[in-house]
Amino acid sequence: MNTRQQNKITYSWYGKPMSSDRKLRTSQYKGILITSERSRTETCIQLGNFVLVEGENADQPFVAQLLGLYEDGAQQKHAVVQWFSHITEIPQNKRKLLKREISPQEVFFDQVPGYDTDIAVETIIKSIMVIPLRLGEELPVMLNKEQTFYVKQSWDGKCFKALSPDTFSKLKEARKKEGGIPNSSNSRIPSDIISPLKKETENVVRSTTKPKNVELEIESKHSASKSSLAKERHSQRVANDVKTPTARKKLQLNSPIRSPKGRLLGSEVLELLDDLCDAVAPLEPSATKRRVKFTGILGSPPKIPCANDKSKSVLDTAEDWQRFKDTIQLSPHSKVSDSSEKAKNLNMKDDTISLIGYQKRCSQSPVLSPCSRRICVQKTNTRIAEQVSILNALELNQEEDFLSSSDSSYSSNSEEEKDDVLCTPEKKTKSSRILSTPKSSRKSSVHTPAKTPKKTPLPGTPKTPRNATPEIPRRSHAAQKPASILEEARLRLHVSAIPESLPCREEEFQDIYNFVESKLIDGTGGCMYISGVPGTGKTATVHEVISCLQQAAENDDLPSFQFVEINGMKLTDPHQAYVQILELLTGQKVTATHAAVLLAKLFNTPGPKRKTTVLVVDELDLLWTRKQNVMYNLFDWPTQKHSKLIILAIANTMDLPERIMMNRVASRLGLTRMSFQPYTYKQLQQIISSRLNGMKAFEEDAIQLVSRKVAALSGDARRCLDVCRRATEICEFASQKRTPEIVRMAHITEAIDEMFSSPYINAIRNASLHEQIFLKAILAEFRRAGVEEATVQQVYHQHIALCRIEGMQSPTISEIMAICSRLGACRLLLVESSNKYLHMQVRLNISQDDVMYALKDE
Amino acid sequence: MKASAMSKRKLKESSGVNGECISQVQKILRERFCHHYAPEKLFGMDHQYRHLLELLKRTTVHGESNSALVIGPRGSGKTALLNWVLKELRKMKQVRENLLEVHLNGLLQTNDKVALKEITRQLQLENVIGDKVFGSFAENLAFLLEALRKGDRTSSCPVLFILDEFDLFVHHKNQTLLYNLFDISQSAQTPVTVIGLTCRQDILELLEKRVKSRFSHRQIYLTNSFDFKQYIRIFKEQLSLPAEFPDESFAQRWNNNVQRLPEDKTVQDTLQNLFHYTKDLRSLHLLLMLAVSNVTVHHPLITASDLQEASRQHRMDSRANIVHGLSVLEICLIIAMKHLNDVYEGEPFNFQMVYNEFQKFIQRKAHSMYNFEKPVVMKAFEHLLQLELVKPIERPSVRAQREYLLMNLLLDNNQIMDALQAYPNCPTDVKQWAASSLSWL
């Protein structure tokens, strides 16, 4: 950690301010230098260049063109950009508008209104190339590198258009300019300022383009490389430091960090690694020069096998970089997840990582000097051979990943065979296979940013697979359509039937809508607390608001937003809330603690282009923990400057904030409250009528009766609908023989009686004679003692006395005990555990009057 | 008189009945009484039957979600009703292929985690997971909810959840399982019907308010609402042999006998007593089981006396039975305790008090009793303790002396007197002493 923190990236202006605005106190610049202290590399990015910008999700950096650079009064460096959208940023439902396959390298000229084009300079990762193409044009196959993107069409949030000739030429211009920069800058600034990276990448690009496409089956998936880059940035953020994304830099950086952990490797290997590190550093300046020379050679068609091999090795390097990056950035992540990961896992990772570093070295070394390469290869290959055996064990576990990565290993394999020199192909193959393993091991073991949600679950992970698609089997016969008017009514009256609109909640709807809408427009965050007894339409109203807002966002009346919903009752533990929110937001599956960290980072750091998130928390009271940290975090995030988070919290009790929340939580929740009153009978009546929608299934009076009854009891709309449904059944039942009729008062009364009448009276009336006498005996005993509690023995004596009066055979104690426990099981009586036998205390669970009333009629 | 004469005649006739036949009878009847498997027809629950059948039919045919509770005292036929309904449902082809059943029991699935696993297993969703171990509780819940959310009314196979001992699910943490099941039944997801079986009348009060709101409040009450005439009919039906019995002539005779049995006054009294005691059909089964056990080759038909004897056994008081087997000294100690209870109105006593009381009796009156040593009396007392006829008020601690531990007698005076009546060879002065603590004066 310490070593990493020493490395910083500084952003400084390139050149003098071009112009400055006195009033705004801003000064414009034409370029920016990104300096990494540790590697002493500098990158210059000028206006018009294309850059990668750090996104909210580590997997997806944004592509943008730099349009302006300025420093504001507060000495903050800003950049104005033109965004390009990657296919993944375009809503799923719009993607089909394209009607063609989109290469992961294609981006769209972004004309969506509402994105913030003003970003902080610090979020720029690196420069890239964006090449404009005509719509019909094929993607040039050869430029299959991470640095390059293509743009064919523009995207304005609704539809795709071909690039206007104007933008096309502008982009073309910019691209030319960019292509020219390294050369021209060479002349302008001292060579040491030119970023080695830049050159290197260019070299790589050239070398790949020129020595023909034969070698270009090398598989380097764009998305993977892109995301890897961003992830690296992301991980830097996590580790709180910054560094330039050059592969070599990382090598130096990471190997010392890792070496203390890589103890499994054996000390010699470590030594060797360290030696190599040392060797690399001083060689660096000359290395750049040499490489320039190499490119010259590469420029000519490959004739000499040696040169070919070398060019290949350069290629290797480039490819390996990507891989290396892939593997390398795991370090900060594994740090984070250290706590959760098993030590074994860590060691495994470290093994593979350092081996990669190793491997990389040997492929890179020829770039430095051909002779050093040999030594390296000879040395390392023997080491690798040793390591292979260790890794084989790993490989076994990750067979599946081999399948996915096999094409890359395969390509390098075939490559090897083609220009089979110096290095034995067999060894290489193996090493490249090993190279691919860490990739997979990372994917399986590190929970952080799950890149491809479509990936099939790995075998050997003893968990519920992430992406299993559970499904209830289909029914074999189609569901019957409602045949009669009553069946139709029943269908519409089911709570699950979604009405066209929610009647009687217009005001609440408007309030919530206005609240969310205003926050959306302002791009700020906020909380709202919604309370009300069950069945008053809280959740339904909120859902309707959301769907209306989504509609509005689709029509471009509002900025688009992300909607996430959690329910306290559907969580097994309050802390699972983090996991669910994160999964719904980004699709990642991590542990609760890690999810909390990631979410805090997400909401606390500024992210350009991030949409507002609307979070609905249902059954809020169940997120209560002793320390209340879940609630605290939830309500703290919206108050953060950059969070853009709107929370709608729903619970039953009006005074929940005062009753169970600590002051600091309640204060963050704020005072935006809303309470849903229980429905009045008129409202319930309206609800039923609107659902029936003019169907003549109910008498007017029947509807009124049920509304009044339910409104008097609870005002729960669910109850109301259930009563109506039951009434249709009763009606159907009664009129089976005759013609179908509509639901009348009598049916409603019967349904209400069935649902709300107390079961006790009926239970007592249907009890056996001795059970009834026992209850009488209890009453008698209570009256005698004046206490509402008695032992079985006392009741028994009363019972016997009553039996004598009635002239019945008196039961034995065993029978009395059985009677007592039977009544206790029905909860007519409350009884203690039965080990006290005769001295067991008995109480009535219902009022004495009820018992007397029930027994009197007999 | 007539009945007994008739049965005697029958006895003569049937002395030639083969043992095969008798064992067949016993097999059939015992199966009927023990397995409680649904008879051809249920008594007095037509209404409930139709309600439940319609409910489940609608679920399977129309894909309508529902929830209902079947409530009734133990032995009132809740499970029998449900099984009967399911049996009827399965006869319909359309239903049979369209219904997934999940059976849970509150006594087996003691928490939601176990219940979720069981649901996943019964829905055969673990095939999706493959042969892997189940994940954490949270993952399981999310997994199951996801699975159920995906379905919709018209295309998904309806799922029937049957929660036996429903009241025990109420005690699970937060009632998460119930909330989610009821919530699904109230929303447009996979059609589910949740049927709970419980004997608690206060079940609705146990549901949390939002769980309660999501429950449809359909309650199907089972009460043993039949009267004595129906009870007699049930009795006959339970004891009758089926038509497909191999030996037809014997079955005929047996059934005729069963039909005539309730005409006997003693049989009626016996049944009446049982009916007054409980309407639970299981106790009737128990009684009949005892009676049927008396049937042998030489005694091939059930008689009134068989039933009477069975009833006597059935009604036997368990504690009084224990007292029969005690020694005279132990009986004396119990009598001493009875007197102490009378004097001190049920206040607890200790061994020393009992011993003193016993000494008084020995010194004043007893001629037939040997004056036992204190340790011997103590031993007898401890035997009573082991039989749990006497129970210490608090747990015996190491420090307290055994003689002074406070005890309660777990017998009622009536029980003691009844037991003494039946006790063989009880010395008369002990009997007198039992009748009155003052008799020695």
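The following conversation goes through a predicted model and asks what stands behind some of the terms used for it.

Visitor: What makes the five strands of chain B an open sheet, and in which order do they lie?

Guide: The five strands lie in the order E2-E3-E4-E1-E5 of chain B, with parallel pairing, and the edges are formed by strand E2 (100-105) and strand E5 (219-221) of chain B, each of which pairs on one side only. From one strand to the next the twist averages 15°.

Visitor: How do you know that E2(B) and strand E3 of chain B are paired?

Guide: Two strands count as paired if there are at least two bridges between them, and six bridges join E2(B) to strand E3 (residues 159-164) of chain B, so the pair meets the criterion. The two strands run parallel, and within E3(B) the bridge partner of Leu100(B) is Val159(B).

Visitor: Which helix lies across E1, E2, E3 and E4 of chain B, and at what angle does it run to E4(B)?

Guide: Helix H10 (residues 176-185) of chain B lies across strand E1 (66-71), E2, E3 and strand E4 (192-198) of that chain, and its direction makes an angle of about 135° with E4(B).

Visitor: Why are the residues Lys78(B), Ala80(B) and Leu81(B) of H4(B) called buried?

Guide: The word applies to residues under 20% relative accessible area, and these three are among the buried residues of H4(B), which also include Leu82(B), Trp84(B), Val85(B), Leu86(B) and Leu89(B). The buried residues of H4(B) pack against helix H3 (46-62), E1, helix H5 (93-96), E2, E3 and E4 of chain B. As for its length, H4(B) has 14 residues and reaches 20 Å from its first C-alpha to its last, close to the 20 Å expected at 1.5 Å a residue.

Visitor: Why is the contact between Asp636(A) and Arg668(A) called a salt bridge?

Guide: The cut-off asks for a side-chain nitrogen of Lys or Arg within 4 Å of a carboxyl oxygen of Asp or Glu, and the N to O distance for Asp636(A) and Arg668(A) is 2.8 Å, so the pair qualifies. With a relative accessible area of 15%, Asp636(A) is buried, whereas Arg668(A), at 26%, is partly exposed.

Visitor: What makes Arg74(B) and Glu165(B) a salt bridge, and which parts of chain B does the pair tie together?

Guide: Their N to O distance is 3.8 Å, and the limit is 4 Å, so this pair also counts as a salt bridge. Arg74(B) lies in the loop between E1 and helix H4 (78-91), and Glu165(B) in the loop between E3 and helix H9 (166-169), so parts that are 91 residues apart in the sequence of chain B are tied together. Arg74(B) is partly exposed, with a relative accessible area of 41%, while Glu165(B), at 18%, is buried.

Visitor: Where do Asp183(B) and Arg214(B) lie, and are they buried or exposed?

Guide: Asp183(B) belongs to helix H10 and Arg214(B) to helix H12 (residues 209-214) of chain B, so the pair ties together parts that are 31 residues apart in sequence. Their side chains meet in a salt bridge with an N to O distance of 2.8 Å, and both residues are buried.

Visitor: What makes the phi of Asp556(A) and that of Glu619(A) worth a remark?

Guide: Most residues other than glycine have a negative phi. Asp556(A), although not a glycine, has a positive phi of about 70°, and Glu619(A) has a positive value near 50°. Asp556(A) lies in the loop between helix H16 (538-554) and strand E15 (561-567) of chain A, and at 37% relative accessibility it counts as partly exposed. Glu619(A) lies in the loop between strand E16 (612-618) and H19 of chain A; its relative accessible area is 4%, under the 20% limit, so Glu619(A) is buried.

Notes: Residues are numbered from 1 along each chain as its sequence is written. Chains are lettered from A and ligands numbered from 1 in the order in which they are written. This is a predicted model: local features need pLDDT of at least 70, side-chain atom pairs count only at pLDDT 80 or more; totals for chains, interfaces and linings use all residues. Side-chain values use heavy atoms; hydrogens and water are left out. Helices (H or I, at least four residues) and strands (E, at least two) are DSSP runs, numbered from the N terminus. Axes are lines fitted to C-alpha atoms, for helices over the stretch in contact, and angles run from 0 to 180 degrees between N-to-C directions. Contact means heavy atoms within 4.5 Å. Buried means under 20% relative accessible area, exposed over 50%, partly exposed in between (1.4 Å probe, protein chains only). The expected span of a helix is 1.5 Å times one less than its number of residues.
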